[in-house]
Structures are given as C-alpha cells and as structure tokens.
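Here is a short briefing to read alongside the model. Have the sequence and the 3D view open, and let's walk through it together.

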Amino acid sequence: MKFNIALLAGDGIGPEVIDQAVKVSDAVAKKFGHEITWKPALTGAAAIDAVGEPYPDETHDVCATSDAVLFGAIGHPKYDNDPSAPVRPEQGLLKMRKKLGLFANVRPTFTFSSLLDKSPLKKERIEGTDLVFLRELTGGIYFGEKGRRDDGETAYDNCVYTRAEIQRLAKKGFELAMTRSKKLCCVDKANVLETSRLWRETVQAMEKDYPEVEVSYEFVDAVAMRLVQWPNEYDVLITENLFGDILTDEASVISGSMGLMPSASMGADIALFEPIHGSYPQATGLNIANPMATVLSAAMMFETAFNLPEEGKAIRNVVNKALAEGIVTEDLANGGKTYGTKEVGDWLAANI
Ligand code: IPM
Ligand code: MN
C-alpha cells in the first residue's frame, strides 16, 4: 500500500525522536512492501520563528490531505515564563486538534515486563496493567471563552460541553470497551461541576445501547488516587479534556518512563499519532531523549490509521526486544551501558 504521512517534528526533542520513528516506519514499510511518502511541515515554536504562526495554513493543508499525521512535540521555554506572549507554541497544537477535528485522544497505559522495576510504584501493584484513557480533546476548559476582567485583576476560563460532544467521545469509549474487557469508567467531578453532571447524564443514557459493558462513575480526585494504588482495576476510562491531561501524565508513572507512552488522536477523517511527553527542551540536540514513545505511536498509526496490525506488532516486538536487551536511552538506565536516541532508532530499524 502507499501512504502519505504528514510529519510534524515540532520543537525541542521532537525532531530527534521523529527521525527514529521515520527510520523504524520505513523499515517496516520495506519489510511488508509498503511505500511511505513523508510530508514534513512546520509547527510549534519552530513555525512561529519561521512564519509567525504555530499552526500555519500550509501545515494544515499538508495534514488534511495526508493519510495520517505523525507528530513530535511542541513547546519552547522562551514562552513559558512570558504570560504576555501574543502567540504561543501550544496554541498551534490546540488549533491543530480543533481544525482537524481530533476529538478523541487515545492514551494507553501499559507495563513492560522487563521494566517493572523502573516504576516508583510497587511491582505487584502495577504488574499486568493495561488500561486506556479516552480523553476528550477539542472541548472543555481548553476551548471555552477565556480572558481577564476588572483591569486584569480577574481571570476566567470557561468550561463548556455539549451533549453531542460527550456522546461522540463516549461512543468511542463504549466501542473500545466492547473490544476489551467490557469495563468502562466515566471520570468526572459530578458532585461539583455542571459539565460533569451533563457527562454523567449523557453516558448513563447510553448504557442501554451497550448492555454488556459494565459502567462505573468515579470522581476524578478518587481516580487520581486509585490509579496509582490499583491500576489493574481499570480498563477503559473516558473523561473530559483537562482531567484527561492530568490523569494521563500521572498514569505514565506506571509504565516507568514518560518516554514510553504513545497516543492517537482521532476524529471523523484524519488521525494523528504522537508521544504523550513534551518537548523536553533541556535535552534538545543531546541525543539522549527516549524515542520509544514516538516509535510506538508509529505502531499505533499502522494499527489504527492503516488497519495493518501485523506491521504494528512488528514495531511492538522490536521495542520489547530492545527493552529486554537493554538497548535503551539513559532514562531507562539499569546500571549498564545506555545508548543515544539515534543509536536506539538505528537498532530498532535494523532489527525489524
Ligand atoms: C498534552 C500536552 C498539551 C495539552 C499541551 C502541550 C497544550 O500537555 O498533549 O497532554 O495540555 O493537551
Ligand atoms: Mn499533557
């Protein structure tokens, strides 16, 4: 098969980890007889520097006309402590999600048997963890009206959800639960927030369409606690944008390194694949960033965007092999030798 893939490397370590995912994807394509045409485009601080806009129209056109988008990371420290900066790299990411209609962010959390001792959590608690967050990605407080009033003395961010937005995300959650252990947890703060009450009401009304799925409703603060106590109790979790952002960072601790967890963002047409980690500016250009999360995002791309599970499996297998054989970057050091970003990528591509 032939694929056009938009390649958005972004900022910080983005270009380095993306390079490795490209190498590994090309190796898989070669092995299985596919042809990939990569379509690089600017995004984030790199795009602001070049054209003054973090998600330029040209980049959107490249994404919208490709078969999938592979994304690195966005963010630059020069904007972090400057609240008055008129354009910020992160705005590019939000604009991209909105314009591409990527309302469902799939963030799996799983463990690797060779890395159980890398997590600060007890091995017996995390062993076998295999859960998936479905985070709503184009609504909520990220996109509601925001601003300042009273001469700048009062700031506000509005959290808005419509029933339709909740339904389309929850539908994906129910469908995913049906392919797994048929357990769905709706995470909200319905004891306080009106938007959460609408989430709960909407999901409850959908239960009858999926009689086999066992649905639980839990408050986000309790989930934050139980997630690191008993991660095995969860399977599919659906939640709104901000709660999902926070809980998925927390959940990455279960796997042992943020550098390991991939994600997919889906909508009606196009899907985007990216690591859940950020741009890690301190590591830029040092060849130390862990490329595994981006490589595993490419695996998700083959599996979900192209419906090629064997190709995805080939990537997952080679990643597992590298982890078991200690072909890892320094974040996963185990007293032994560690490898550079590029060397890990080369090894993965060579061993596909
Ligand atoms: C993420 C990131 C983004 C988010 C930032 C960079 C805007 O943290 O993808 O989780 O908050 O969604
Ligand atoms: Mn985040």
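Valine 132 has valine 236 as its bridge partner in strand 10; strands, like helices, are DSSP runs numbered from the N terminus (E, at least two residues, for strands; H or I, at least four, for helices). This is a predicted model, in which local features need pLDDT of at least 70 and side-chain atom pairs count only at pLDDT 80 or more, while totals for chains, interfaces and linings use all residues. Residues are numbered from 1 along each chain as its sequence is written, and chains are lettered from A and ligands numbered from 1 in the order in which they are written.

**Around strand 5**
- Strand 5 (residues 130-136) and strand 10 (residues 236-239) run parallel, joined by four bridges; strands pair if DSSP finds at least two bridges between them.
- Strand 4 runs antiparallel to strand 5, with seven bridges between them, and here proline 108 is partnered with valine 132.
- Five of the seven residues in strand 5 are buried (20 or more other C-beta atoms within 10 Å of their own, C-beta atoms being placed from the backbone).

**Two domains**
- Domain 1 covers 1-109 + 258-352 and domain 2 covers 120-255, with bounds from an automatic or database domain assignment.
- In the contact between them, 16 residues of domain 1 meet 21 residues of domain 2 (C-beta atoms, placed from the backbone, within 7 Å).
- On the side of domain 1 that touches domain 2, helix 5 (89-99) and strand 4 (104-110) each supply at least two residues, and strand 4 gives the largest share, six residues.

Notes
Contact = placed C-beta atoms within 7 Å. Buried ≥ 20, exposed ≤ 12 C-beta atoms within 10 Å, placed from the backbone.
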